[in-house]
Amino acid sequence: MKLKILKFLTVSLLTLIVLSPELVVLSVVWEQHMQLVETRDFMYENNSSIASSQNAPTMIFQKKSEKYTQDLVGIKIFDANFLKSQLFLIQLYKYKIISFFKWFFLLFPICLGILIFLYDRYLVYRATVFQRQVDILEKLWHESIEQ
């Protein structure tokens, strides 16, 4: 039963080691894709604002509504810049956490494989030391019987 579990864990670990670089590449590609989508949305917003600025009456109405919203923002307890800075910090920490998990999933299987290999070598070493001790004790026992 232990041998089956050990084989299953070995195959799982090797599969994870083989697939971990692909997962990292996939995450990098996904990150680039999300940046491209954000850039495309930003360009779309700018183009729509340019097209709407060609209408003069709507532009006057927009300026008055912006002034009104600025007055409302001044009345609010929380400043908009404070909220923007907090959102920026949240996004920064989110990026750092994602980066940490990316490296963790890349390096953890490799380190786990190395640890299992070293532990196996240690067990072999302990078995040889134990066998030497048994051989020495057998020799001493045979010598004591012969005397």
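Six aromatic pairs are present in this predicted model. One of them joins F104 and F105, whose rings sit 5.7 Å apart from centre to centre, with 65° between their planes, an edge-to-face arrangement.

As for the overall fold, the chain contains three helices and zero strands. Read from the N terminus, the order of elements is α-α-α. Helix α1 covers residues 2-52, helix α2 covers residues 56-75, and helix α3 covers residues 80-146. The chain has 147 residues, and 5% of them are buried.

The average pLDDT is 76, and 72% of the residues reach a score of at least 70. Among the elements, α3 has the highest mean pLDDT, at 85, while α2 has the lowest, at 53. Over residues 75-79 the pLDDT falls below 50, and this stretch makes one contact in the model beyond near neighbours in sequence.

K102, found in helix α3, counts as buried because its relative accessible area is 16%, under the 20% cut-off. Leaving aside residues up to four places away in sequence, K102 touches V24, S27, V28 and E31. E22 belongs to helix α1 and is partly exposed, because its relative accessible area of 46% falls between the limits of 20% and 50%. Although E22 and L106 are 84 residues apart in sequence, their C-alpha atoms are 9.3 Å apart in space.

The lining consists of S27, W30, E31, M34, Q35, E38, F88, Q91, L92, K94, Y95 and I98. By residue class, this lining divides into six nonpolar, three polar and three charged residues. Two of the lining residues, S27 and E31, are also among the contacts of K102.

The second largest pocket has a volume of about 300 Å³. Its lining is made up of L6, L9, T10, L13, L14, I17, G113, I116, Y119, D120 and L123. Here too, α1 and α3 each contribute at least two lining residues, and α1 makes the greatest contribution, with six. Eight residues of this lining are nonpolar, two are polar and one is charged.

Conventions:
Residues are numbered from 1 along each chain as its sequence is written. This is a predicted model: local features need pLDDT of at least 70, side-chain atom pairs count only at pLDDT 80 or more; totals for chains, interfaces and linings use all residues. Side-chain values use heavy atoms; hydrogens and water are left out. Helices (H or I, at least four residues) and strands (E, at least two) are DSSP runs, numbered from the N terminus. Buried means under 20% relative accessible area, exposed over 50%, partly exposed in between (1.4 Å probe, protein chains only). Contact means heavy atoms within 4.5 Å. On a 1 Å grid over the protein atoms alone, a cavity is a set of points where a 1.4 Å probe fits but cannot get out, and a pocket is an open set with protein on both sides within 12 Å along at least five of seven lines; lining residues have an atom within 4 Å of a point. Ala, Val, Leu, Ile, Met, Phe, Trp, Tyr, Cys and Pro count as nonpolar, Asp, Glu, Lys and Arg as charged, and the others, Gly among them, as polar. Grid points are joined across faces, edges and corners, and a volume is the space filled by probe spheres set on the points. pLDDT is the predictor's confidence in each residue, from 0 to 100. Rings of Phe, Tyr and Trp (its six-membered ring) pair if their centres lie within 6.5 Å; planes under 30 degrees apart count as stacked, over 60 as edge-to-face and the rest as tilted.
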